[in-house]
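Please open the structure in your viewer and keep the selection tool at hand. The tour below moves from one selection to the next, and says at each stop what is to be found there.

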Amino acid sequence: MKRIRIKSPIKWAGGKGQLLEQFEPFLPKKFDLYIEPFVGGGALFFHILPSNAILIDMNLDVVNFYNVVKNNLEELINDLRKHKNERNYYYMMRSLNPESLDPIQRASRFLYLNKTAYNGLWRVNKKGKFNVPFGRYKNPKICDEDNLRNVSLALKDISVIWGDFSIALDHAKSNTFVYFDPPYDPISKTSNFTSYSGTFGVEDQIRLSECFKALDKKGCLLMLSNSNTPLIRKLYVDYEIHVIKARRMINSKVTGRGEVEEIIVRNFS
Ligand SMILES: C[S@@+](CC[C@H](N)C(=O)[O-])C[C@H]1O[C@@H](n2cnc3c(N)ncnc32)[C@H](O)[C@@H]1O
């Protein structure tokens with residue numbers, strides 16, 4: 001294990017930063033490989049800094065961003081210097097098609113929008129276009145150079161892969177620690193306002209529980225976060241379940257923060 005302290009370089013809906021202390025007693029003491037199949041902001045990865053890891057996400061902007069931080073950090077920092085925290089500039093950057101940009105410009109746009117968009121949300125419409133309004137922050141730190149340098153070092157020997165969580169099955173072996181933090185099963189019809197690229201419905205939750213069971217058979221150490229709903233309790237009825245409390249946005253307004261119950265499912269004690 002490396003010893004530097006790093007914070008996640010991006011704000012991410014459902015980020016686990018505030019829960020890390022509560023997670024501490026649930027983490028395994030030893031493992032050979034770490035896999036995080038819904039990495040997002042990677043709060044747990046940056047907390048434990050495993051030297052052997054595979055990170056997976058379905059969001060190509062996230063995966064491209066980590067790979068650019070890992071491989072092209074100086075070019076990224078240079079590009080980040082051009083950004084302005086101004087309304088018109090923000091909407092111009094927002095209107096760009098990420099697929100028309102080279103990987104460095106794409107990562108730069110991603111981080112810029114992430115730091116200046118309202119509430120740090122990453123939300124796309126049905127056509128996949130980023131649609132969050134300008135955040136009007138006074139002085140957002142778009143380029144935290146020291147932290148990005150540490151992130152780049154932490155990712156040095158790490159694979160960051162674009163794709164579905166089930167890729168974990170191809171890489172995991174016995175004594176691999178897999179931490180799943182999927183889009184949560186909604187606690188109410190209106191609670192799922194932070195949409196990721198695509199929705200993660202009941203069928204995906206079932207598919208995920210099947211993947212969990214297959215990895216269990218392989219002898220992996222498994223930990224999963226989700227909401228405390230009847231569906232999730234039913235899917236993981238054969239495993240150890242702990243209830244924890246988290247402060248979360250429960251609707252799209254900043255005032256809609258409240259304490260909600262989440263669960264941690266594990267296949268080990
Ligand atoms: C709750 S967030 C993870 C938050 C993260 N643990 C953190 O601390 O920031 C869920 C992530 O799953 C990704 N995702 C959604 N569907 C996916 C799928 N089928 N396979 C892999 N990743 C997926 C989203 O892009 C998002 O980054």
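Begin by selecting helix α5, residues 87–95, together with helix α6, whose axes come within 10 Å of each other and cross at roughly 135°. Bear in mind while looking that this is a predicted model. Angles over 145 degrees would count as roughly antiparallel and those from 65 to 115 as roughly perpendicular, so α5 and α6 are oblique to each other. The crossing of these two helices, α5 and α6, is left-handed.

Now show the side chains where the two helices meet: on the α5 side pick Tyr90, Met93 and Arg94, and on the α6 side pick Arg109, Tyr112, Leu113 and Thr116. Sorted by class, the residues of this contact between α5 and α6 are four nonpolar, one polar and two charged.

The crossing in which α4 passes α6 is right-handed, whereas that of α5 and α6 is left-handed.

To see what makes this second contact, select Glu75, Leu76, Asp79 and Leu80 in α4, and then Ile104, Gln105, Ala107, Ser108 and Leu111 in α6. The contact of α4 with α6 is made up, by class, of five nonpolar, two polar and two charged residues.

Next, step back to the whole chain and colour it by domain, giving one colour to domain 1, which is assigned as 17–58 together with 163–266, and another to domain 2, assigned as 79–151.

Finally, turn to the ligand and select the residues around it. How many residues surround the ligand, and which are the closest? There are 22 of them, and the closest are Gly14, Phe38, Gly40, Gly41 and Ala43. Colouring this shell by class will show 12 nonpolar, six polar and four charged residues around the ligand.

Note on methods: Residues numbered from 1 in each chain as written. Predicted model: local features only at pLDDT ≥ 70, side-chain atom pairs only at ≥ 80, totals over all residues. Near = placed C-beta within 6 Å. Nonpolar A, V, L, I, M, F, W, Y, C, P; charged D, E, K, R; others polar. Domains from an automatic or database assignment. Left-handed = near helix turned anticlockwise from the far one by under 90°. Helix = DSSP H or I, 4+ residues; strand = E, 2+ residues; numbered from the N terminus. Contact = placed C-beta atoms within 7 Å. Axes fitted to C-alpha atoms, helices over the stretch in contact; angles between N-to-C directions. Parallel < 35°, antiparallel > 145°, perpendicular 65-115°, else oblique.
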